[in-house]
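Please read them with the model open.

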Number of protein chains: 2
Amino acid sequence: MRTALSIDVGGTKIYNTIVNEKGEIIGEIEKHSTPKTFPEIKSLFEEIIQKHEDEVDVIAFATCGAVNNTNDGILGSTGNIAKEYPSMDFKSLSNKPVFVENDANCAAWAEHIIGSSKGMPYSVMLTLGTGVGGGIILDNKLYKGKNGAAGEMHFKMRTDKHRKCTCGAWDCFEAYASGTGLKKTAEEISGNPDITTYDVIEGKRAGGQEGKPIYSGKWKVESGKLENFQLSTFNFQLDNALSPNIAQTIFSSWQNDILEGIIGLANIFDPDCIVLSGSMAEFVDIEYLENEANKQIVTTPFKVLKASAGNYSGMIGAGLLALKKL
Amino acid sequence: MRTALSIDVGGTKIYNTIVNEKGEIIGEIEKHSTPKTFPEIKSLFEEIIQKHEDEVDVIAFATCGAVNNTNDGILGSTGNIAKEYPSMDFKSLSNKPVFVENDANCAAWAEHIIGSSKGMPYSVMLTLGTGVGGGIILDNKLYKGKNGAAGEMHFKMRTDKHRKCTCGAWDCFEAYASGTGLKKTAEEISGNPDITTYDVIEGKRAGGQEGKPIYSGKWKVESGKLENFQLSTFNFQLDNALSPNIAQTIFSSWQNDILEGIIGLANIFDPDCIVLSGSMAEFVDIEYLENEANKQIVTTPFKVLKASAGNYSGMIGAGLLALKKL
């Protein structure tokens, strides 16, 4: 069976392994910190490739940034990676064929072939992490658009210039539905700039446990908002712990933003499913999202699913796409 | 050259004509009021078809409502037409082949073959009328989704349940970017429930003429908001005439909503162009929308174009699609 050396390139970590045509990981998972400079990144790529290229048929990159339709170069800005990275000449890194695709697109493809959306011709995947990635499968093909940059989940959640997005524009879905978005929502609702997504998730979790005391935090004292709490259930603690009610309000606001985005995508695409992946996806209530969204769409019923291809779906998808194209 | 009898079915009017394979209208345009009841609609269809079917190769419907992927039936609700309309058995209406497609999809196809988006593989058309229709062309094919309902422009413009959409959900693009949306925006900004889209367009137009006095209306007096005006340029008049400043504010708010929608679609699809059609499209500043959207997207540059296939693009597109499928 043919195999690919898959390399996942993110802003902070670079992983590599070997993937076969079934989408199975058959090598070690090797992990590296992403070097700061372009020459160092290139050297790391060369090192990984020299070590493994004899074992495989193709080199497959799942990378941050949009990738062109010929799968050999980066189209533009890629966030927090060396600014010269888009000029990388991937083809020159190996004598074997080299294939490059956007990481979110690769992950969506992995779900389509071996994961949650297997057997479904039309799916949209949302990767909810620090940011939001998107991958669109239409008629069993990865949808890339005219130049390859499609699937950017930067549609608006409001139009009053409320929250700046990392892309430079205002109020994109990414700025609300991401982990960063949850923190922002928490800051806005709690008034506490030091609040973390962890505080929200923990506060919500605490609320689900009967008899657990309701917490507030020292910032509440500092900001003079103590009067908002019911003292009968008040149990003071000198940290950021949130009242479960407030945590639930914050969480619901964040989850509702995800719901609204899902509704829009379902109306635009009439898909079989929308798949949620990424570290933040584990916190959402999939069943609620599916039921609520299906009540509100004008298209036809669809599923909301959690990704199931695992943490290395980017490398799996890159390998599968590269081997398919060989 | 083969020809189609094209029938455009809307909630208030039904048109028919004959279209050839070049997308040329070669028959009379016949116009009918849409009957109230299902049997009357069916009878009208039969009458039109009996009159013309011998002249043509195929019967092509451009209809309100979503149409299935086999192009022979309506999927669901179709707004203000007889509620049994979705059960229409189109195939039984003629011995010739019968083809059915959503009207906005037909219009988008007409633009793609003979109009503004000719030669461009990836385009999204927005029909800005009383509501908003959508048609999506991807890789030179009409995009329909898993069941045929795709292209519904019901993605959210805000998430605080501010404005109800005709679809039953809240704050869809249609509820802001349509003519009805402009009226709503005008009501919200002016405080006058009787204001019309005409008032806004006229008020804005007046503002463009130097030396023209600036109007306000009696509703301003009633609502006690006179202090907001500069009396030096104030010229009172007892009707709905708007201050050009207010008209401009309303118009800009509406046009900005269209801009925000266009940005989202460009980020999702990475299209060659977004085409604006419909009665409200004549008022928007296409150049402004194109320039501003291209500044804000994370995908690659695209065009914003006005539709050019004319008022009967629905019938042209239906004919072209039907003849292509024959």
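1. Lys161(A) counts as partly exposed, because its relative accessibility is 47%, which falls between the limits of 20% for buried and 50% for exposed. The model is a predicted one. The backbone at Lys161(A) deserves a look: phi is positive, about 50°, although the residue is not a glycine. Lys161(A) sits in the loop that runs between β8 and α3 (173-177) of chain A.

2. Asp139(A) also has a positive phi, about 55°, and is not a glycine. Most residues other than glycine have a negative phi. The location of Asp139(A) is the loop between β7 (132-138) and β8 (141-142) of chain A. With 38% relative accessibility, Asp139(A) counts as partly exposed.

3. Which residues touch the most other members of the largest nonpolar core? They are Leu276(A) and Leu276(B), in a core of 98 residues. Leaving aside residues up to four places away in sequence, the contacts of Leu276(A) include Leu126(A), Leu128(A), Ile262(A), Val284(A), Ile286(A) and Leu289(A). Lys306(A) is also among the residues that Leu276(A) touches. In soluble globular proteins, nonpolar side chains tend to be buried together.

4. Chain B has an open sheet of five strands, ordered β3-β2-β1-β4-β5, with mixed pairing. The edge positions belong to β3 (30-33) and β5 (98-102) of chain B; each has a single partner strand, so one side of each lacks a neighbour in the sheet. From one strand to the next, the twist averages 20°.

5. Within that sheet, β4 (residues 58-63) of chain B runs parallel to β5(B), and five bridges join the two. Thr63(B) is placed opposite Asn102(B) of β5(B). Two helices can be described together with the sheet. Helix α1 (residues 38-52) of chain B packs on the sheet and touches β1 (3-9), β2 (13-20), β3 and β4 of chain B. The direction of α1 makes about 160° with that of β1(B). Helix α2 (residues 103-114) of chain B packs on the sheet as well, in contact with β1, β4 and β5 of chain B. For α2, the angle with the direction of β5(B) is about 95°.

6. How many cavities of 30 Å³ or more does the structure hold? The count is one, and the volume of the largest cavity is about 30 Å³. Its lining draws on both chains: Glu260(A) and Gln296(A), together with Lys156(B), Arg158(B), Lys161(B), Trp170(B) and Asp171(B).

How values were computed:
Residues are numbered from 1 along each chain as its sequence is written. Chains are lettered from A and ligands numbered from 1 in the order in which they are written. This is a predicted model: local features need pLDDT of at least 70, side-chain atom pairs count only at pLDDT 80 or more; totals for chains, interfaces and linings use all residues. Side-chain values use heavy atoms; hydrogens and water are left out. A nonpolar core is a set of buried Ala, Val, Leu, Ile, Met, Phe, Trp, Tyr and Cys residues joined through side-chain atoms within 4.5 Å. Buried means under 20% relative accessible area, exposed over 50%, partly exposed in between (1.4 Å probe, protein chains only). Contact means heavy atoms within 4.5 Å. Helices (H or I, at least four residues) and strands (E, at least two) are DSSP runs, numbered from the N terminus. Two strands pair if DSSP finds at least two bridges between them. Axes are lines fitted to C-alpha atoms, for helices over the stretch in contact, and angles run from 0 to 180 degrees between N-to-C directions. On a 1 Å grid over the protein atoms alone, a cavity is a set of points where a 1.4 Å probe fits but cannot get out, and a pocket is an open set with protein on both sides within 12 Å along at least five of seven lines; lining residues have an atom within 4 Å of a point. Grid points are joined across faces, edges and corners, and a volume is the space filled by probe spheres set on the points.
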